[in-house]
Amino acid sequence: QLSCLLRMVTLHGIPKDWDSYPKDLLLFLSPSDYAGTGSCSQFFNNIGEANLDVLPRESPQRKQLLLEALACLKIPGTQINEENAEILGRLLCDLGGEYIRSSGGILLKHLSQCESFLPDQEEAIRDVISSGNTTFGPPAAWSAFTLRELTGLIPVFDHNILREIPK
């Protein structure tokens with residue numbers, strides 16, 4: 001339905017007020033189409049607010065969006081900074097384990113918004129948390145506030161992490 005709606009909206013070209021349309025429509029638009037109305041970082045900022053689950057998790061379209069976002073933001077290698085994490089929004093949920101490890105604790109709060117994780121992402125999250133090198137510190141120093149901040153990641157915690165968290 002969204003794909004069909006996009007065709008109707010763009011029948012006579014890309015509208016100038018594109019940012020006033022539902023963010024989910026952007027999932028079916030290419031960044032080059034959007035370029036005439038705004039920057040690619042603005043495009044991916046809007047994509048980051050869209051419901052990515054409209055596209056299947058491993059779909060080529062969703063993978064392509066992430067690749068284009070990384071290229072647009074000129075992210076060299078696998079380290080994501082806080083500013084880029086904000087722009088990527090929900091696209092962070094599709095980053096591989098190597099990005100999670102390289103970026104350290106910067107991504108944890110953002111990742112806690114994700115619906116689910118692939119096994120390599122779960123392992124990377126556990127590695128980062130176990131290292132204790134995050135803004136949250138080691139699990140032994142966590143409070144109830146910390147757990148609320150990381151609620152979405154709790155299912156990923158293994159016995160070793162859970163054992164360290166103070167009662």
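Biologist: How much space lies in the largest pocket?

Modeller: About 260 Å³ of space lies in the largest pocket. The structure is a predicted model, in which local features need pLDDT of at least 70 and side-chain atom pairs count only at pLDDT 80 or more, while totals for chains, interfaces and linings use all residues. Residues are numbered from 1 along each chain as its sequence is written, and side-chain values use heavy atoms, without hydrogens or water. A pocket here is an open set of points on a 1 Å grid over the protein atoms alone, where a 1.4 Å probe fits, with protein on both sides within 12 Å along at least five of seven lines; lining residues have an atom within 4 Å of a point. The volume is the space filled by probe spheres set on the points, joined across faces, edges and corners.

The lining of this pocket comprises 15 residues, and Lys63, Leu66, Asp94, Leu95 and Gly96 are those nearest its centre. Two or more lining residues come from each of α4 (60–72), α6 (97–103) and α8 (119–131) (helices are DSSP runs of H or I, at least four residues, and strands are E runs of at least two, numbered from the N terminus). The greatest contribution is that of α4, which supplies five residues. By class, the lining holds six nonpolar, two polar and seven charged residues (Ala, Val, Leu, Ile, Met, Phe, Trp, Tyr, Cys and Pro are nonpolar; Asp, Glu, Lys and Arg charged; the others, including Gly, polar). Domain 1 (1–94) and domain 2 (105–166) each provide at least three lining residues, the bounds being from an automatic or database domain assignment.

Aspartate 94, one of the residues nearest the pocket centre, sits in the loop between α5 (82–88) and α6. Aspartate 94 counts as buried because its relative accessible area is 17% (buried is under 20%, exposed over 50%, partly exposed in between, with a 1.4 Å probe and protein chains only). Beyond residues up to four places away in sequence, aspartate 94 touches Arg57, Arg62, Leu66 and Gln121, a contact being heavy atoms within 4.5 Å. Of these partners, Leu66 is also among the residues nearest the pocket centre.

Helix α8, which contributes to the lining, also holds glutamate 122. With 27% relative accessibility, glutamate 122 is partly exposed. Its contacts, leaving aside neighbours within four places in sequence, are Phe117 and Val156. The C-alpha atoms of glutamate 122 and proline 155 are 9.3 Å apart, although 33 residues separate them along the chain.

Turning to another helix, lysine 109 belongs to α7 (residues 108–111) and is partly exposed because its relative accessibility is 43%. Lysine 109 touches Phe136, Glu149 and Leu150, residues up to four places away not being counted. With glutamate 149, the side chain of lysine 109 makes a polar contact of 2.9 Å (N or O atoms within 3.5 Å, one able to donate a hydrogen and the other to accept it; residues adjacent in sequence count only if both atoms are side-chain atoms). From phenylalanine 136, 27 residues away along the chain, lysine 109 is separated by 9.7 Å between C-alpha atoms.

Lysine 74 lies in the loop between α4 and α5. Its phi is near 55°, a positive value in a residue other than glycine, and lysine 74 is exposed at 69% relative accessibility.

As for the whole chain, there are ten helices and zero strands. Of its 167 residues, 41% are buried. Among contacts with a separation of 6 or more, 51% join residues 24 or more positions apart.
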